[in-house]
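Please read the following description alongside the sequence and the coordinates.

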Amino acid sequence: PQVIRREDYQPPAWLVPEILLDFRLGLESTNVTARLSVRRNPDGNGSATLRLNGDQISPLAVRVDGAAVNDWRLDGPDLLLPLSGESHQVEIETHVNPASNSQLMGLYASHGMLCTQCEAEGFRRITFFPDRPDVLSTYRVRMSGDKTAFPVLLSNGNCESQGEGEGGTHWAEWHDPWPKPSYLFALVAGDLIANHDTFTTRSGRTVDLNIWVRKGDEERTQHAMESLKASMKWDEEAFGREYDLDLFNIVAVSDFNMGAMENKGLNVFNTRYVLADPETATDADYDAIEGVIGHEYFHNWSGNRVTCRDWFQLSLKEGFTVLRDQMFSADMGSSAVKRIEDVRILRSAQYPEDSGPLAHSIRPDSYQEISNFYTATIYNKGAEVIRMMRTMAGPERFRAGTDLYFERHDGEAATCEDFVKAIEDGAELDLGQFRLWYSQAGTPQVAVDLEHSGDRVVLKLAQVVPPTPGQPEKQPVPVPLKLALFDRETGQHRGEELVILDKPEQTFTFEGYPRAPVLSINRGFSAPVAIAFERPAQDLVFLAAHDDDPFARYEAMQSLVVQHLIAAVGGSLGEGARAVERDAIGQAFKAILADDSLDDLMRGELLILPAEGYLAEQFLVADPTAIHAEREALKAWLGSKLKDSFAELHDRVSAVSYSRDAAARGARKLKTQALVYLAAGAPADAKRRAIEQYRQADNMTDRQGALMVLAGLEGPERREALADYHGRYSGNALVIDKWFSLQAGSLHPDVLTHVQALAEHPDFTMANPNRVRALYMALAMNAKAFHAPSGEGYRMIGELIRQLDPINPQTAARFVPSLGRWRRIEPRRAAMMRGELERIAAEPSLSRDVLEQVTKSLG
Ligand code: B3K
Ligand code: ZN
């Protein structure tokens with residue numbers, strides 16, 4: 001397979017300042033005529049051959065300056081066309097069958113509508129084109145089609161004219177004035193209905209807003225609309241970015257490979273990030289919608305106005321846009337809870353990636369299939385890296401940096417280096433060594449030691465960036481660490497400090513501390529590193545109760561539990577020590593349950609046990625069953641020890657009636673959490689309460705929480721509740737997805753049998769990525785079932801990958817990393833995981849997507 005390297009970048013030989021696209025639409029047959037104005041690039045290599053990328057298309061006709069030509073040739077999937085002059089009109093006709101496009105890249109059909117997905121390389125499945133992000137064109141799009149099948153015809157920019165055609169057809173012409181790369185092109189045609197609203201920009205322009213959905217879904221678009229308006233306002237205030245068209249369309253599609261897509265003026269969304277009402281969407285769903293709507297909207301500047309030079313720069317737009325959506329959500333709700341959630345995602349999704357066979361830096365050096373690089377590293381670590389710049393510069397100077405970035409590169413295809421330089425210049429920050437964060441993979445490990453004598457505190461820090469595939473040796477990176485030293489008697493500190501660790505080892509001295517203080521470090525998670533700091537449980541209990549940084553409080557709780565579980569899993573914990581440590585954890589839990597200064601949303605965060613994936617990361621070679629068992633045992637001990645407190649809590653929060661405000665959301669979060677602990681420690685009481693909560697529920701958060709608990713318990717109630725839920729929501733695909741997920745993710749001992757049966761269920765289909773993920777991602781994330789000693793969990797995921805690859809390679813490849821972690825799993829299971837990867841590798845015609853992931857995982 002061909003390896004694409006960053007160092008091989010060449011500017012395009014030909015530019016395409018304008019393109020005119022004409023679509024004659026049909027579900028099974030769409031004809032495309034593309035007229036490209038091409039011009040030699042003065043900065044190109046002077047080649048007289050125009051390379052146009054293609055993918056599973058063939059040219060029906062090629063014309064140059066109006067005359068048919070036949071001196072073109074195909075080079076693999078690409079079309080090569082010799083051109084003699086400086087600029088030409090190139091016209092190409094192609095034909096596609098959207099209904100048979102199961103990959104969901106390019107132009108495809110979904111429930112009778114037509115839509116496109118072009119990022120990263122889908123445009124070349126529609127027409128021949130230099131399908132690379134540094135070729136920017138203005139688009140004029142004409143489309144015609146059956147009026148009944150496709151009453152709504154949308155593309156980027158503004159609709160300039162429309163009219164009736166022959167034989168029951170109609171047409172529309174769209175024009176997007178902003179030059180853009182092909183990956184931002186979009187077209188939608190279908191029988192859709194809009195929730196319409198307007199937004200007035202700060203300079204007083206009125207923008208028409210539409211959220212297009214299938215008929216019947218329009219009632220569930222209000223939260224998305226509110227989120228969109230809030231995003232538009234927020235970007236004006238927080239980053240000085242105003243919207244630049246008179247129209248902004250969002251379309252919800254139920255067959256979609258990812259979350260959403262930021263096509264200029266025409267965002268296309270997975271229905272799950274648009275549709276919500278209290279009856280069918282959880283609080284987490286509402287938050288996710290707000291975040292994704294914001295994310296895609298923010299791309300209008302970070303991604304569209306300033307785009308990427310090549311796909312190695314993907315984090316330029318994704319890391320920055322994730323940071324922007326994180327800041328937006330923090331401002332809309334609880335910034336403390338948002339920060340904790342974001343760190344949890346980083347640790348459970350990105351840390352394992354960074355320590356496994358697929359580790360890559362946020363600006364990779366090579367790839368085989370770019371779709372495999374839409375990763376937690378590019379997105380979430382990318383956001384953390386930019387957040388560190390902001391932490392070091394401070395918010396005002398950082399803003400000066402981003403202002404300069406947008407001003408300097410507006411209308412350009414930029415690089416990560418351009419971004420760093422703009423921040424360096426605008427924020428007046430030296431980022432010389434900091435650039436290593438862009439080139440080195442791996443999570444830096446920071447060892448902390450604190451010594452106290454007399455009046456003096458000495459903080460010793462040491463860092464190691466671990467080796468990763470292709471990068472055996474690493475250099476130290478600048479690690480900005482926010483810290484505070486607490487007096488253990490007064491519970492106070494003298495102000496937060498920022499230290500920058502930029503050498504392998506460094507010492508920081510603090511004077512004037514007669515008593516040994518308690519160190520709070522990496523406050524707010526100021527750096528995406530792993531901290532190793534052995535310290536007495538009592539210090540962690542102290543911080544869990546007293547730290548004024550909410551993240552640090554959460555972190556203290558996590559560390560307390562992690563330390564305990566590592567020892568327990570490692571077998572180094574005697575019965576006496578186990579009892580003492582559990583007691584400390586129990587005390588900390590009690591204090592949190594009783595702390596009136598906490599709001600319930602934050603209380604909920606403090607009561608969450610560290611995820612199994614994160615715990616597994618703490619071991620060089622992990623035994624997932626032992627981790628699961630110890631974690632469950634602690635949960636059961638807490639549930640039983642604190643059963644009265646949890647029961648009381650469940651009663652208290654059950655009395656709070658439904659609203660979307662923070663207090664009521666906090667109550668709902670705790671309601672299910674209390675049930676979870678009770679289910680582990682007092683199952684009979686939990687079952688009674690869960691049934692009651694399920695029956696009484698007037699919202700999906702409560703109902704799903706109760707069902708999740710019931711799904712893990714034995715007995716007829718489980719079956720009844722699952723049947724009731726399925727009957728109640730049949731026809732609502734997003735809720736039926738939850739029904740699949742709950743069962744595949746449950747604690748029930750027979751999960752694997754359940755999944756097998758669910759795969760045969762009439763509601764299951766391989767054609768819909770949401771449904772596939774609902775069933776199989778939930779299984780791959782369910783440590784106990786996935787790592788079942790029989791190897792059955794591995795077999796099921798392996799078989800899924802083999803079956804799905806010919807249908808939808810992009811989605812199939814997403815499942816490989818779960819098996820790819822075999823080196824970090826105990827040897828007996830590792831052999832079985834490896835065996836599954838080998839079985840996949842032996843398939844005769846694997847996609848580039850799966851092949852790359854499997855080869856790297858075996859390598
Ligand atoms: N930019 C898209 C992701 C496209 C993924 C293509 N495989 C959504 C986003 O990050 O906003
Ligand atoms: Zn994005």
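Helix H24 covers residues 792-804; its 13 residues reach 18 Å from the first C-alpha to the last, close to the 18 Å expected at 1.5 Å a residue. The expected span of a helix is 1.5 Å times one less than its number of residues. Helices (H or I, at least four residues) and strands (E, at least two) are DSSP runs, numbered from the N terminus. The model is predicted: local features need pLDDT of at least 70, side-chain atom pairs count only at pLDDT 80 or more, and totals for chains, interfaces and linings use all residues. Residues are numbered from 1 along each chain as its sequence is written, while chains are lettered from A and ligands numbered from 1 in the order in which they are written.

The buried residues of H24 are Gly793, Tyr794, Met796, Ile797, Gly798, Leu800, Ile801 and Leu804. A residue is buried if 20 or more other C-beta atoms lie within 10 Å of its own, exposed if 12 or fewer, and partly exposed in between, with C-beta atoms placed from the backbone. Two residues are in contact if their C-beta atoms, placed from the backbone, lie within 7 Å.

Leu779 belongs to the largest nonpolar core, which has 245 residues; Leu779, Val188 and Val251 are those with the most contacts inside it. This core draws at least three residues from each of domain 1 (4-190) and domain 2 (584-858). A nonpolar core is a set of buried Ala, Val, Leu, Ile, Met, Phe, Trp, Tyr and Cys residues joined through C-beta atoms within 7 Å.

The loop between H23 and H24 holds Pro789. Pro789 counts as exposed because it has 11 C-beta neighbours inside 10 Å. Along the chain, Pro789 and Asp325 are 464 residues apart, and their C-alpha atoms are separated by 40 Å.

Two further helices can be followed in the same way. Helix H18 (residues 700-711) has twelve residues and an end-to-end C-alpha distance of 15 Å, close to the 16 Å expected at 1.5 Å a residue. H18 is mostly covered, with twelve of its twelve residues buried. Its buried residues pack against H2, helix H16 (662-681), helix H17 (683-696), helix H19 (716-729) and helix H20 (733-744).

Helix H14 (residues 624-641) has 18 residues, which should span 26 Å at 1.5 Å a residue; its end C-alpha atoms are 25 Å apart, which agrees. In H14 the buried residues are Pro624, Ile627, His628, Glu630, Arg631, Leu634, Leu638 and Gly639. The partners against which the buried residues of H14 pack include helix H10 (550-570), helix H11 (575-594), H16 and helix H23 (783-786).

Which residues lie around ligand 1? They are Glu119, Ala120, Met258, Ala260, Met261, Glu262, His295, Glu296, His299, Glu318, Ser371 and Tyr374. A residue is near a molecule if its C-beta atom, placed from the backbone, lies within 6 Å of it. Strand S20 (260-261) and helix H2 (283-298) each supply at least two residues of this shell. By class, the shell divides into five nonpolar, three polar and four charged residues. Ala, Val, Leu, Ile, Met, Phe, Trp, Tyr, Cys and Pro count as nonpolar, Asp, Glu, Lys and Arg as charged, and the others, Gly among them, as polar. The peptide bond from Glu119 to Ala120 is cis, with omega near 0°. Ala120 lies in the loop between strand S11 (113-117) and strand S12 (137-146).

The centres of domain 1 and domain 2, taken over C-alpha atoms, are separated by 42 Å. Domain bounds come from an automatic or database domain assignment. Four residues of domain 1 are in contact with five residues of domain 2. On the side of domain 1 that touches domain 2, two residues are nonpolar, two polar and none charged.

Some loop residues remain. Glu428, not a glycine, has a positive phi of about 50° and is found in the loop between helix H7 (416-427) and helix H8 (436-439). Glu428 is exposed because 11 other C-beta atoms lie within 10 Å. Phe525, also not a glycine, has a positive phi of about 55°. Phe525 is buried because 22 other C-beta atoms lie within 10 Å.
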